Amino acid sequence: MKFAAGMKSAVTCWLLVAASFYLPRTSSAETGYDAWLRYAPLNANDAALYASLPDTVVVLGDSAITASAQSELLRGIKGLLGRDLREKSNADNAGAIFLATRDRIESNKDLAAVHGTEKLNGDGFCLHTFETRGKPSIAVIGATDRGLLYGVFALLRKISTHQPIDHLNICESPAAPIRILNHWDNLDGTIERGYAGNSIFWENDHVVKDLTRVRDYARLMASVGINGCSVNNVNADARVVTDAYVPELARIADAFRPWGVRLYVSLNFASPREVGGVKTFDPLDPDAVAFWKETVDRVYRAIPDLGGFVLKADSEGRLGPSEYGRTHADAANVIAKALKPHGGILFYRGFVYDHLMDWHNLKNDRAKAAYDNFHKLDDLFEDNVVIQIKNGPIDFQVREPPSPLFGALKKTNEAIELQITQEYLGQQRHVCYTVPMWKEVLDFDMHASHAETPIKEIVSGKTFDRPVGGFIGVANVGSDQNWLGHHLAMANLYGFGRLAWNPDLSAHEIADEWTRQTFGNDPTVVKAIVDILMRSWSIYESYTGPLGIGTLTDIIHIHFGPAPESSEYNGWGQWHRADEHGVGMDRTVDTGTGFIGQYSPPVAARFDSLDTCPDDLLLFMHHVPYTHKLHSGETVIQHFYDSHYQGALDAAELVTEWQALKGHIDEQRFQEVLDRLEYQAGHAQVWRDSICRWFQKKSGINDTQGRVDHYPHRLEAEDQKLEGYEFIKVDPWEAGSGRGAVQLPEGVETGAIRLSCDQSGDYDLRVQYFDEEDGVSKFRLFVNDREIDHWQADNHVPTPSATPNAHTSIRRTIPHISLKKGDQLKLEGTADAGERAAVDYFEIIPSKSLSDSPAKVSH
């Protein structure tokens, strides 16, 4: 291999480092750290499909990114096929795998047969098979060195998923230039809305010393075409652009660079005043303007390839231009102008709303805020400003309509913001594959012009011929070995990258690709996991917030468990307006908030009419009586009951489906996913009971099947014989079954709950208790004074909560216990610190039964 003067030493060093990091893993236990880049060995029959793969690699190029492409190819082929590729400067008399950028094709006569690269855009690539002196060869050609790297990953993806490569003639270009991740990491190492450990970037107000994990993360990003990453919270600490931090940011940029990932940094708009010694942060104040120019220039001197900045202003208490009567365009442009000489981009978040709105004013509507704030500023932003728009007008709910702002900005760059971290979708304790949701949004036609205008074409810049645009994902990976806490949650990170590259891919295609690379090509495994993923969003929606009502969680605090009333009587604007007569937000033009009028006429007409509004968005758009009949003929209230019961049943079935994979998947990942699915099944029941009880009380209309508040196999803890325990009310009331729960009072460290069995048989015993963050209680379970189980309450939810509530409610199942009538059961609890070993109820369910009621619904 020939290197340019001055580059050989650096690139050779990188290859040696890469080789040491990328030796294939041989351990039978898998942590999930390798994610979809396991490169697990193919069996002999599958490997035979690639017998003609050349054993020589010829690399034409000398950049660090090209070196990454080469090292990745060596690692992948070694892992998948057990073969060591030889490096040569030319193909000699045999075939080869050629790695080159488009501008180097003419320098190698063997590549004369490669065509089509002239049509590549951006970081595109071609994979092409041909013959070199009668021997099969493969060319991986990138429009750029980054494109070359993407091409190598695409070739390895084909082998990992067992696709033939004998007749390759593929050219791909990314749908949009912007394909970046945001991270809401704080400088102290915590992560806002992060559910998988602490930051991989920050610790104790400094960048982490060991950047190995950051390099590995950059490799994961590159493998799916992600080309940028911001590393600090959008609720930004102003210090991040000071002299103390810029050298530390440069270290992250150095770790990203060999994988073609550009660093982005989130800004605090008040920085001129907070850290710059300027009296104001008025974007028209000459001193503030000078601060931004000096700051941007200084950062670029340290990081010349910085991608740019992300800015959140005038939202949720963040200071912004309204402080001085200025516009969002004024705020964006003062920074964008400073960025222009460096080729940098400013992402200005469209998530701007008043969180102190008057709930009593029926015309107030948070959903209108993004459009109201930005559409009138169209054509006023610099051409290196990108308005970053959340997929929906509220806040990453389980279902929302697309934001009307997508169709309103025709002279301004746009990017769609999607959330990979599951803030409102189970926080990675529940499986919820969100690619189908994203696909619905991306494919939605905004009717913004005479031709079809799907959102994927608008944000890519194609619809309105904008110079830049694309896709942004809020990832929030953490220090957990498997990056996102739940192994199956990684399908969302992978899926975001694949959709950002090609939004025409189907959710099923992406799930299949990810599963094969992550868990192997066993048909049994692929079928089961793809089925679990593809069903998971609708299952989660059905037991949380169907009909477009939103995720009925605690929106004021941790966004995890059910708390429907928390949405009301406050200024946050995630209202559902449920009262004794009906439910839903009236957003119609004539009688409601007028939100629907922000859409183009064809879209508005569809949503505004009860006859044409889809049922799955009904309560987002309309306030209707509980007895309103859906297009299915079912009433709204009965649909709520049926949906929540069916959702809980389906969540339980996911456990059964996963259990069938035992022996087909390594034991560690099998058990870790099983633990999460079992937790989800129990928590889905908490959701079911809480929401159904709340709406039955609110509406005064009973479930026609008599299931709500009727649990034949349930024994309330407060109704049993208590020793040391005392009754407590649970807040909110619907989070506890029956009248409430029981716990040990302060000063009583150990107590017991006794109950008698009134039947004989083989049973599953369930204990519903509360696992808080303020201690680690202990429990022991006895039958006739014989201990049959014991455990500690330390399986905490990702976001802390220190009281008995719907976030901390958790289930322990002891299966297949043989009981006789008259047997005495005793649960012994030991409190720890503030956690008082609280218990809600017991269930004694015949083993193999999925029913706790005549309606055949899982409990």
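1. Searching the whole structure turns up one disulfide, a term used here for a pair of cysteine sulfur atoms within 2.5 Å. This is a predicted model, in which local features need pLDDT of at least 70 and side-chain atom pairs count only at pLDDT 80 or more, whereas totals for chains, interfaces and linings use all residues. Residues are numbered from 1 along each chain as its sequence is written, and side-chain values use heavy atoms, with hydrogens and water left out.

2. The disulfide is formed by cysteine 126 and cysteine 171, with an S to S distance of 2.1 Å, and the link is right-handed, with 105 degrees about the S-S bond. It links distant parts of the chain, 45 residues apart, since cysteine 126 lies in strand β4 (residues 125–132) and cysteine 171 in strand β6 (residues 169–172); strands here are DSSP runs (E, at least two residues), numbered from the N terminus.

3. The two partners can also be described by accessibility, where buried means under 20% relative accessible area, exposed over 50%, and partly exposed in between (1.4 Å probe, protein chains only). Cysteine 126 counts as buried because its relative accessibility is 1%, while cysteine 171, at 38%, counts as partly exposed.

4. Cysteine 692 is itself buried, at 2% relative accessibility, and cysteine 757 is buried with a relative accessible area of 4%.

5. Strands β4 and β6 belong to an open sheet of six strands with mixed pairing, in the order β2-β1-β3-β5-β4-β6; strands are taken to pair if DSSP finds at least two bridges between them. The edge strands, each pairing on one side only, are β2 (86–88) and β6. Within this sheet, β3 (residues 97–101) and β5 (residues 135–142) pair in the parallel sense over five bridges, and phenylalanine 98 has alanine 139 in β5 as its bridge partner.

6. Leaving aside neighbours within four places in sequence, phenylalanine 695 is in contact (heavy atoms within 4.5 Å) with residues including Ile549, Leu552, Ala578, Tyr626, Phe640 and Gly700.

How values were computed: Helix = DSSP H or I, 4+ residues; strand = E, 2+ residues; numbered from the N terminus.
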